[in-house]
Amino acid sequence: MATATALAPATREGAGAGRQNKKRYGGLRPWLFALPALAVYVTFLVYPAGTSLFFSFTNWDGLSPTYDIVGLANYEAMTKDPVVVQALLNNLVWTVVTIVVPVVIGLTLAILLNGKVRGKTPLRLLFYTPCVLPLVSIASIWGWLYNPDYGVINETLRAVGLGSLAQPWLGQDSTALAAVMVPAIWLRVGFPMLLYLAALQGIPAEQYEAATVDGATRSQQLWFITMPSLRPAHYIVLALSLIDSFKVFDMIYAMTYGGPGTATQVMGTWMYANVFQYYQAGYGTAIAVVITVIAVAVSIPYVLSQTKEHS
Amino acid sequence: MSASAPGLAAAAALPDAVIGEDPLARRPRAKGGVVATIILSVVAIFWISPLLLLVTTGLRPLSDFVANGPLSWPTEWTWANFREAWGIGKFADTYRNSALLLVIKVPLGVLISAMLAFALAKLNMRFRRTVMFAVFLGLTIPIYITIVPVFIMLRSAGLTDNVLGLVGPYLAFGIPLEVLILQSFFRQIPDSIIESARIDGASEWRIFFTLVLPLSLPALVTVAILDAVATWNEFLFALIILSSDTNKTIPVGLLSFQGQFSNNNTGLAAGILIAVVPILIAYALLQRWIVGGLTAGAEKG
């Protein structure tokens, strides 16, 4: 930590010796400022999450006043639950696809928009539009597009003579998961596009000019100037997308409720079904604990990087 | 609060880079690009075609839709679908509930987050990094791990089926992102300014309210907008806590509306539009702030 940061508050106290190596804390005052937010955070996030962890060691049904502590039984049961295996797999597929595809499309759009194009602002506005809509409304819109009988997608296929491809996209095992990922991709392209575009704009034009003078081709410039400059943007995009992907719930709940059968179950919806439909709150919270632990574990490097001083 | 994640990128924002300046306007390349412009325009129209099709469907009579299909141009225009959907979807209630939640939650959330961010950035708080780590870790916690205990808490407080019951959980899940952005912004304020205010005898509260907050107005606006989007769109807590139709927020209300209108395409389209058009208008008006806030982080490099 830079000495300068430690200096400023120390002078306030008028303390003289030793302030270079011993940081002086602000006493109680900072905690008064911190208290309201920390109290809310602990009450409505930390404490409930901890309580869920406790419930996951019980056989509570969610309704009765009593329950027994059953140790790791819920976690053992998960290893024998084929839906949990499927949900974990779906979570994995969801995470990979809804990160990789939007990043590739977003980067492509950013590179195109960074070139010689008119009307960049309205174009950017249009591509980012889905990002501000509620997930539930996106689910409604796409559920409507996917409707097997009068939905736009099947109608379009019929109109261009591919009527044989028209099918109940959300209603069959083979296409349901892909069909719920498409709206998620639609929703998520805008964010990497904006970040990459800003990063591309930040590359000094002189770098390209110098490279041109040195005889570098366009593809060489893309590879040796553009791509390395995008590294910080890659990091932010991937970290944030990863954090977001593990939380998937709204879209699946609103579009398929995990169905047909269990084809689109993810950990979040399977947890919900166990708690509110099958009255197995203990088991349901154990599912939530597992996916939360995974989500937290993979995000720790990003979280740690954010606690450092940017000086 | 799924919409919140993009805002994280603003965490690394530099004060002068955050708002107002449109990064795209900086290096104009006026000439040429006709082919690229046409291709991108076609792709963009295709991209938002779901919304365009909703508009043509919502504005035509059901009979016209049934006879000609969703892809045809309407032969007749009508507002009747909107009138019908507004009443059946109870949008007057859901709009009121969502708006009430927004005006209570967003200012309160920004205020307490700013206070915590100020303590972390400028007051040399003990265990600073531990607190930061614990709070930022909240970004990664899915809402569904907390829903059972939160429901039990709110039920014993008599706050279920009441939009006010959502304020606490929404605040808690908004705090990590807001603190992350604001503390990194506050840190850019030179210590010397705060120091001289102290020498003049200003208290920490006075420094916070009359110096730090006004200097950080752009960041506060960005955080407030991101938080408003997340609050407006939140679904899971609202689904668990709110049960009667008149107490629901827009996302939950839209879902039950969708169930009732499954065979009335034009009415369904009108209802979806009622739910999203105000957001789209707000987005178009505020897009500069949203885009500026989101991209400031990436530019830092």
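Here is a short walk through a structure with two chains in contact, chain A and chain B. Keep in mind as you look around that this is a predicted model.

Let's begin with chain A. An unreviewed UniProt entry carries the annotation "domain: ABC transmembrane type-1" for residues 88–304 of this chain. Over that stretch, the chain is 74% helix and 0% strand.

Now turn to the place where the chains meet. Chain B brings 96 residues to the contact, and chain A brings 94 residues. On the side of chain B that touches chain A, helix α14 (residues 265–300) of chain B gives the most, with 17 residues. What kinds of residues make up that side of chain B? They divide into 66 nonpolar, 19 polar and 11 charged.

One pair of helices lets us see this meeting in detail. Two packed helices are described by the angle between their axes and the distance between the axes. For α2 of chain A (29–55) and helix α5 of chain B (residues 91–122), the angle is about 135 degrees, and the axes are 8 Å apart. The two helices are therefore oblique to each other. Their crossing is left-handed. On the α2(A) side, the residues that meet α5(B) include A:P30, A:F33 and A:L38. Among their partners in α5(B) are B:I112, B:M115 and B:F118. By class, this contact has 12 nonpolar residues, one polar residue and no charged residues.

Next, find helix α7 of chain B, residues 147–156. Why is this helix described as largely enclosed by the rest of the structure? The reason is that seven of its 10 residues are buried. Those residues are B:I147, B:V148, B:P149, B:V150, B:F151, B:M153 and B:L154. Their cover includes parts of both chains: α2, α14 (267–276) and α15 (281–307) from chain A, along with α8 (167–186) and α12 (236–241) from chain B. Just after α7(B) comes B:G158, with a positive phi of about 70 degrees.

Finally, chain A has its own helix α7, at residues 152–159. Its buried residues are A:V152, A:I153, A:N154 and A:E155. What covers them includes α6 (135–146) of chain A and α2 (49–58) of chain B. After α7(A) you will find A:G161, whose phi is positive, near 85 degrees.

How values were computed
Residues are numbered from 1 along each chain as its sequence is written. Chains are lettered from A and ligands numbered from 1 in the order in which they are written. This is a predicted model: local features need pLDDT of at least 70, side-chain atom pairs count only at pLDDT 80 or more; totals for chains, interfaces and linings use all residues. A residue is buried if 20 or more other C-beta atoms lie within 10 Å of its own, exposed if 12 or fewer, and partly exposed in between; C-beta atoms are placed from the backbone. Helices (H or I, at least four residues) and strands (E, at least two) are DSSP runs, numbered from the N terminus. Two residues are in contact if their C-beta atoms, placed from the backbone, lie within 7 Å. UniProt positions are given in the numbering used here, feature names are shortened, and annotations may be inferred rather than shown by experiment. Ala, Val, Leu, Ile, Met, Phe, Trp, Tyr, Cys and Pro count as nonpolar, Asp, Glu, Lys and Arg as charged, and the others, Gly among them, as polar. Axes are lines fitted to C-alpha atoms, for helices over the stretch in contact, and angles run from 0 to 180 degrees between N-to-C directions. Angles under 35 degrees count as roughly parallel, over 145 as roughly antiparallel, 65 to 115 as roughly perpendicular and the rest as oblique. A crossing is left-handed if the near helix is turned anticlockwise from the far one by less than a right angle, and right-handed if clockwise.
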